[in-house]
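Subject: Structure handover, with notes on interfaces

Hello,

The structure is below, and the notes on its interfaces follow. Please read the two together.

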Number of protein chains: 6
Amino acid sequence: MTDTWLTTLITDTPQQGFELAITLSRRGVKYTQPDSEVLHKLRPEYANDHAALTAASQVIALNFQTVAAANNYWRK
Amino acid sequence: MTDTWLTTLITDTPQQGFELAITLSRRGVKYTQPDSEVLHKLRPEYANDHAALTAASQVIALNFQTVAAANNYWRK
Amino acid sequence: MTDTWLTTLITDTPQQGFELAITLSRRGVKYTQPDSEVLHKLRPEYANDHAALTAASQVIALNFQTVAAANNYWRK
Amino acid sequence: MTDTWLTTLITDTPQQGFELAITLSRRGVKYTQPDSEVLHKLRPEYANDHAALTAASQVIALNFQTVAAANNYWRK
Amino acid sequence: MTDTWLTTLITDTPQQGFELAITLSRRGVKYTQPDSEVLHKLRPEYANDHAALTAASQVIALNFQTVAAANNYWRK
Amino acid sequence: MTDTWLTTLITDTPQQGFELAITLSRRGVKYTQPDSEVLHKLRPEYANDHAALTAASQVIALNFQTVAAANNYWRK
């Protein structure tokens with residue numbers, strides 16, 4: 001991938017950090033399967049499978065650990 | 001998602017922190033499958049499958065690691 | 001859940017910390033499936049499935065990471 | 001469980017720490033299924049299943065993270 | 001493996017760090033199965049299986065935790 | 001196991017650290033199934049199963065987190 005999509009892990013709010021964690025999780029998939037059409041085709045079975053949804057949430061949780069630490073947990 | 005649902009990781013007690021970890025885990029699912037009706041339909045098979053329940057508990061554990069660190073483990 | 005079950009992550013000994021990690025792991029399940037009868041019914045197949053037992057041990061390991069860090073690893 | 005099996009996370013060497021991580025992993029299983037006879041019966045299918053062996057190694061890795069941190073990585 | 005492929009965990013940007021995390025994840029596979037031909041043959045079924053893609057993203061997330069910590073999260 | 005195989009987590013380079021992480025991952029398997037013949041027999045199905053290869057890479061990633069932290073990420 002040649003586009004720039006990640007220049008910082010710092011976000012203003014924890015919610016933006018959570019959404020960045022989602023972006024990181026999706027990019028992890030996209031680097032492995034860059035073909036959007038294939039990803040699109042997989043989506044219906046994916047989004048209707050509770051195990052898949054929990055697994056997605058787990059990857060987000062791992063990436064949120066990283067983003068939260070980077071932001072020193074948005075402590076005031 | 002345009003609503004604000006996460007403004008801080010700081011909670012008064014570890015139990016509230018654990019409950020925030022549950023919220024984060026569910027949001028991770030909801031960002032991937034925003035359709036509440038689908039989620040509702042998946043619930044019965046989900047909540048009666050021990051592997052799914054353990055997987056859910058695992059995601060909560062990961063998010064609780066983040067929330068607990070953010071709160072400096074609620075040390076006095 | 002309205003009862004108070006988690007007021008501190010601090011324990012006297014690492015073994016008590018490990019047992020707290022087990023409590024956290026079970027609570028993660030219970031928040032997702034609060035019906036004790038269902039949980040009771042799932043138990044036999046669960047406790048006789050080696051993959052399930054390893055998965056349970058994994059969740060305990062994650063929660064023990066949190067509890068151990070909270071207690072500064074019970075270093076003297 | 002009423003016996004005392006874990007009084008410290010500190011070990012002399014990283015190898016002893018790794019072996020403690022194995023003990024923690026097995027205890028996680030044993031708290032969930034305390035019946036030794038059942039565990040014994042599950043062992044053959046377990047120890048001949050590569051996915052189960054990798055999963056066991058994963059739990060050990062998680063517990064080794066905890067033990068290694070407790071020992072400050074046995075840095076001299 | 002005798003070639004040198006990893007001399008530092010430090011990268012200029014978080015995106016380069018994420019790409020290093022992908023390299024680490026692929027190397028973890030390659031050390032276990034060094035035969036490129038086998039890996040090539042496995043690829044089609046792999047890249048079309050949503051569970052496999054999520055699992056890949058999870059390994060990347062774990063390695064990104066390491067790389068991000070090494071780089072002190074690219075904080076300015 | 002009575003042989004000494006782990007005396008330090010410190011390595012000269014990140015690549016040696018990654019290779020130590022692989023050793024730790026394999027040892028985790030070997031402590032659970034010490035019979036080399038069984039492990040040898042499991043290898044073909046293992047090394048040709050993409051899910052197994054990803055799972056192996058995940059355990060390596062977890063152990064690499066430990067080794068990298070021990071080495072303070074080989075920062076200069």
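A salt bridge here is a side-chain nitrogen of Lys or Arg within 4 Å of a carboxyl oxygen of Asp or Glu. By that rule, the interface of chain A and chain B has zero salt bridges.

Some conventions before the rest. This is a predicted model, in which local features need pLDDT of at least 70 and side-chain atom pairs count only at pLDDT 80 or more, while totals for chains, interfaces and linings use all residues. Residues are numbered from 1 along each chain as its sequence is written, chains are lettered from A and ligands numbered from 1 in the order in which they are written, and side-chain values use heavy atoms, with hydrogens and water left out.

Chains A and B

Contact (heavy atoms within 4.5 Å) involves 26 residues from chain A and 35 residues from chain B. The two chains bury about 2500 Å² between them, 62% of it on carbon and sulfur atoms; buried area is the accessible area (1.4 Å probe) lost by two parts on being put together, summed over both. On the chain A side, the most area is lost by A:Gln15, A:Phe18 and A:His50, together 24% of what that side buries.

Twelve residue pairs, both at pLDDT 80 or more, are in polar contact between chain A and chain B. A polar contact is a pair of N or O atoms within 3.5 Å; within protein, one must be able to donate a hydrogen and the other to accept it, and residues adjacent in sequence count only if both atoms are side-chain atoms.

Helices (DSSP runs of H or I, at least four residues, numbered from the N terminus) α1 (14-32), α2 (36-47) and α3 (50-70) of chain A each supply at least two residues of the side that touches chain B. The largest share, twelve residues, comes from α3(A).

Chains A and E

α3(A) also packs against α3 (residues 50-70) of chain E, at an angle of about 10 degrees and with the axes 9 Å apart. Axes are lines fitted to C-alpha atoms, for helices over the stretch in contact, and angles run from 0 to 180 degrees between N-to-C directions. The two helices are therefore roughly parallel (angles under 35 degrees). Among the residues that meet are A:Val59 and A:Leu62 in α3(A), and E:Leu62 and E:Phe64 in α3(E).

Chains D and F

Here 26 residues of chain D are in contact with 35 residues of chain F, and the buried area is about 2500 Å². The rule finds zero salt bridges and twelve residue pairs in polar contact, both at pLDDT 80 or more.

Regards

Definitions and conventions:
Angles under 35 degrees count as roughly parallel, over 145 as roughly antiparallel, 65 to 115 as roughly perpendicular and the rest as oblique.
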